[in-house]
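Please look through the structure shown below before reading on. The briefing that follows takes up the chain as a whole, then a pair of helices, some backbone details and a loop.

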Amino acid sequence: MGKILIQTTTTYNDDDWNVGHFALLGDFLRDNGHQVIMRDRQPATDGNDRVLSNLNTSDFDQLWLIATDTGNGLGPADVRGILLFRDRGGGVLTARDHQDYGVSLLNLGSIGFVNKFARYNRERERGRQYSSGTSGDFQRIIPLEPVHEVLRTEKSPSGVIEYFPAHPHEGVLSVPGDMPYARVIAASISPVSGQSINLAVAIENEPTNNGHRNGRAIALSSFHHLADMNWDAATTGPRRVSEHRGTQLLEEPAKLDVYKDYIRNVARWLSP
């Protein structure tokens, strides 16, 4: 199993999305044999994080980047460290939120290209409402053909993951036409607008200028797919998160158990 860094793009704040709100994710990955380090961003005087800026020379196998910033979440050396990390085969998962949360991801090459924000790299189809439901509930997903291996499970009759944790806000993902090495692997239908929402994009076999392939990457539409408050009905997010909570986590816990196969699969797939 690999060594995984789970890190936010903001410094610690008791009433913000600090890394402690993803503790259940870290525990789950550890229970599955991975070594996991969890930390918030700690910029030095030059604005760069000492770990991310040296990620390419570290012994980490994967970076799970929880993009909680609305700007200045990654310094120039951080960006270089992450890009070189992928260049040496490291796997990267990114997760952001709606509007401009996680906008620093735009600096990360192909990962940035698939993320759309309210003010930057905007989705061409304006006016779309990206709501997948209520926190505490589940959203029915659509695994796109051919079904990606991270969406396979033996715990459902269909053989695929069928539900993700829901949230009233999803970030926007789409794949440019000139990126044949990237594809949307999971989508859903918004109960608010009736429109399709892309939930995850997988990037694989991306060529580099050096003639080899970058490490695999997966971009998620929302860090709520990973957050404690969306895995445990008794857990809350930052105090300012006040939306109504649903009850399906309590009533249908088996759906979360099946969903965790997705997390397990992603961690395996991202390993160099």
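What percentage of the 272 residues of the protein chain count as buried? Of these residues, 56% are buried, where buried means under 20% relative accessible area, exposed means over 50%, and partly exposed lies in between, with a 1.4 Å probe and protein chains only. This is a predicted model, in which local features need pLDDT of at least 70 and side-chain atom pairs count only at pLDDT 80 or more, while totals for chains, interfaces and linings use all residues. Residues are numbered from 1 along each chain as its sequence is written, and side-chain values use heavy atoms, with hydrogens and water left out.

**The chain as a whole**

- The protein chain holds five helices and 11 strands; helices (H or I, at least four residues) and strands (E, at least two) are DSSP runs, numbered from the N terminus.
- Along the principal axes, the C-alpha atoms of the protein chain fill a box of roughly 45 × 40 × 40 Å.
- Among contacts in the protein chain with a separation of 6 or more, 72% are between residues 24 or more positions apart, a contact being heavy atoms within 4.5 Å.
- The accessible surface of the protein chain is about 11700 Å², and 47% of this surface belongs to carbon and sulfur atoms; such areas come from the Shrake-Rupley method with a 1.4 Å probe.

**Two helices in contact**

- Helix α1 (residues 23-31) and helix α5 (residues 253-269) have axes that come within 11 Å and cross at roughly 65°, where axes are lines fitted to C-alpha atoms over the stretch in contact and angles run from 0 to 180 degrees between N-to-C directions.
- Leu25, Phe28 and Leu29 of α1 make this contact with Lys260, Ile263, Arg264 and Ala267 of α5.
- The residues of the contact divide into five nonpolar, no polar and two charged; Ala, Val, Leu, Ile, Met, Phe, Trp, Tyr, Cys and Pro count as nonpolar, Asp, Glu, Lys and Arg as charged, and the others, Gly among them, as polar.

**Backbone details**

- Most residues other than glycine have a negative phi, and most peptide bonds are trans.
- Asn72, in the loop between β3 (62-66) and α2 (76-87), has a positive phi near 60° and is exposed, with a relative accessible area of 74%.
- Gln99 also has a positive phi, of about 55°; this residue lies in the loop between β4 (91-95) and α3 (110-114) and is exposed at 51% relative accessibility.
- Glu145 and Pro146 are joined by a cis peptide bond with omega of about -10°, and Pro146 is in the loop between β6 (138-143) and β7 (163-165).

- Not counting residues up to four places away in sequence, Val241 touches Trp17 and Met229, while Met229 touches several residues, including Trp17, Ser135, His224 and Leu249.
- Val241 and Asp15 are 226 residues apart in sequence, yet their C-alpha atoms are 9.5 Å apart; Met229 and Ser135 are 94 residues apart along the chain, with 7.8 Å between their C-alpha atoms.
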